[in-house]
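Here are some notes for a colleague opening this structure for the first time. Please read them with the model on screen.

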Amino acid sequence: MQHDNGLTVSLQPHTSGPHLLVVAGDLDHHTTPRLRAALEEVKFGPDADLVIDLSGLTFCDSTGIATLVAAHQRAADAGAALFLAGLDADIARVFQIMGLDQLLSFYDSPEEAVRALSE
Amino acid sequence: MPLTSAPEASRLAAVRRYAALETASGAALDRVAGLAARIFHAPFATVTIVGDDTVHAIAAHGLPPRRGLVESLCAAAVRHGGPYVVHDALLDPQAAGDPAVRGEPGIRFFAAALITTPDGEALGSVNVMDVRPREAGDEELDCLRDLAGLVMDELEVRLATHRTVEIERELRAGAERLARTLQRTLLPPVLPRVPGLRAAAAYHPVSADEVGGDFYDLFPLDGDRWGFFLGDVCGKGADAAALTSLVRYTLRAAAVYDADPHAVLANLDAVLQQEHAGGEAPVPYCTAVFGVLQPDDDGFGVTLATGGHPPALAVRANGLVEPIHPAGGQLIGILRDPHFAQVSARLNAGDALLLYTDGLTEARTPTGSMLDEDGLTAYLAAARPTSADALLTTVHDLITALGKGVSDDTAILALSVPPATRTPSSGSLGAA
């Protein structure tokens, strides 16, 4: 697996439906502040849920996990849902061992997550 | 043996302080010798350091004689304490008989300027030698003094560099010592002897100078019960080390208060949550397995609780490898209302139990995939280790085979119940 240490985070414009945050690259203690900053931009609310597209995520360390957990708590406080989409099988396995699957819902693709939210 | 006078002792101390002088030489100093010779239109020049009983030439021009008279002239220049000139060696009763004066190359003239440290100690001199008797002009002697000053500057720079390297080396050694000491405080040095149980543990660091957050312990509880744990604090370095200490002592203390594994992990969670209340995000957390061993007739009852940690694996006497893993245990210290799961099992005669940190299961196999619990299970099933020590060796072999695929530290705790041994009944012995 190649780790290029780069991380791109982009928040897609919110027209209708949930916010969509696309995260690609390595999520480690160098790059996680970028994700944290992007998450702070998100205004959660009962009708403002968030889907994080992690299909381009190549690596996730403890700071990345802690940041996702913190985002989930902020969303829950605001009555919003936070769904993860497109997680790599190995990373999903690690999340599952940590019991995070009970907290964060995993979907194969952002489209599926959006569909699940609209149901 | 001549006694060394106090000023000479102080001078020799200065020579020793420039310890780098032992190897000091090089183009810059040779150039100084070359310039000295050119300024005097003389065939020979040297740069010498006068030690206890040796005169050491650290640079030379024109293959000058280095022994005998030349040595004593250099030493005399240092003793003299200022510019030192011999106009004609043949007129000097002591020098006249020297082979370098009487024979080849026929030294007649000698002039020296002292190399003096900033605190006034003469280390040696820059010397010029000629084969004809002559006077030394003021201008020439001034230049020789400047050249000696240049040599001193050069030696100062070398000493400073030498010291910087030494300090750097000491700091590095100190940091490595500290890391190793911290590491030792995080891991119990020796596991206690538990009647009827074999226990073995190992720590496989990826890097020798970075402290990881893996921890384990095995310790007595009330009655004949024993507690054990193994876990991993996220992160590396000093912060992780401090948190690891807190986790270890909290687990030990919580077990004294209430040894129920679920309660122990809940207590640890409460302590970690308080530790970081209102702190900067992201909050550090840990994963852990905590267990209680209760001996019975021919083995141990085991109660295990887990918080976000990979499954403990039992290697049964019949070779079967199976997880002892309560489903659903979550990360410790970071979640709201976390769930810690608990399960009970037995370790019978011949059974072994492996606890490990995720450095092992998250290692990459040569195909690039994660080893995972399945890969570890398959490896153990093939190796069939039958004791705690054999289990440790098996995992060691696996980590060695994975090589660079292992990217995180791994801690291992292995427990085993020795196989049952058939003992003759006391009845038949008594009848004999």
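1. Start with strands S8 (residues 226–233) and S9 (residues 286–296) of chain B. They pair in the antiparallel sense over eight bridges. Within this pairing, Phe228(B) stands opposite Gly291(B) of S9(B). Keep in mind that this is a predicted model.

2. Now widen the view to the sheet. S8 and S9 belong to an open sheet of five strands in chain B, in the order S7-S8-S9-S10-S13, with antiparallel pairing. Strand S7 (214–220) and strand S13 (341–348) stand at its edges. Each has a single partner strand, so one side of each is left without a neighbour in the sheet. From one strand to the next, the twist averages 15 degrees.

3. Step back to chain B as a whole. It holds 11 helices and 15 strands. Of its 432 residues, 41% count as buried. Among its contacts with a separation of 6 or more, 66% join residues 24 or more positions apart.

4. How many residues of strand S15 (residues 410–416) of chain B are buried? Seven of the seven are, so the strand is largely enclosed by the rest of the structure. Thr410(B), Ile412(B), Ala414(B) and Ser416(B) point one way, while Ala411(B), Leu413(B) and Leu415(B) point the other way. In a regular strand, side chains alternate between the two faces of the sheet.

5. Next, the nonpolar cores. The largest has 102 residues. Those with the most contacts inside it are Leu50(A), Tyr285(B), Leu353(B), Leu354(B) and Ala414(B). Helix H6 (residues 237–257) of chain B gives the most to this core, with seven residues. A second, separate core of 49 residues includes Ala42(B), Ala59(B), Ile107(B) and Val128(B).

6. Look at Leu50(A) in detail. Setting aside neighbours within four places in sequence, Leu50(A) is in contact with Pro18(A), His19(A), Leu21(A), Val42(A), Phe44(A), Ala75(A), Ala80(A) and Leu82(A).

7. At 1.5 Å a residue, the 16 residues of H2(A) should span 22 Å. The end C-alpha atoms are 23 Å apart, which agrees. After H2(A) comes Gly79(A), with a positive phi near 75 degrees.

8. Finally, check a loop residue. Met370(B) lies between helix H8 (358–361) and helix H9 (372–383) of chain B. Is Met370(B) buried or exposed? Met370(B) counts as buried, because 21 C-beta neighbours lie inside 10 Å. Leaving aside neighbours within four places in sequence, Met370(B) is in contact with Asp90(A), Glu362(B) and Arg364(B). The C-alpha atoms of Met370(B) and Gly405(B) are separated by 9.0 Å, with the two residues 35 apart along the chain.

Note on methods: Residues numbered from 1 in each chain as written. Chains lettered and ligands numbered in written order. Predicted model: local features only at pLDDT ≥ 70, side-chain atom pairs only at ≥ 80, totals over all residues. Helix = DSSP H or I, 4+ residues; strand = E, 2+ residues; numbered from the N terminus. Buried ≥ 20, exposed ≤ 12 C-beta atoms within 10 Å, placed from the backbone. Contact = placed C-beta atoms within 7 Å. Core = buried A, V, L, I, M, F, W, Y, C linked by C-beta atoms within 7 Å. Expected span 1.5 Å × (residues − 1). Pairing = 2+ DSSP bridges. Axes fitted to C-alpha atoms, helices over the stretch in contact; angles between N-to-C directions.
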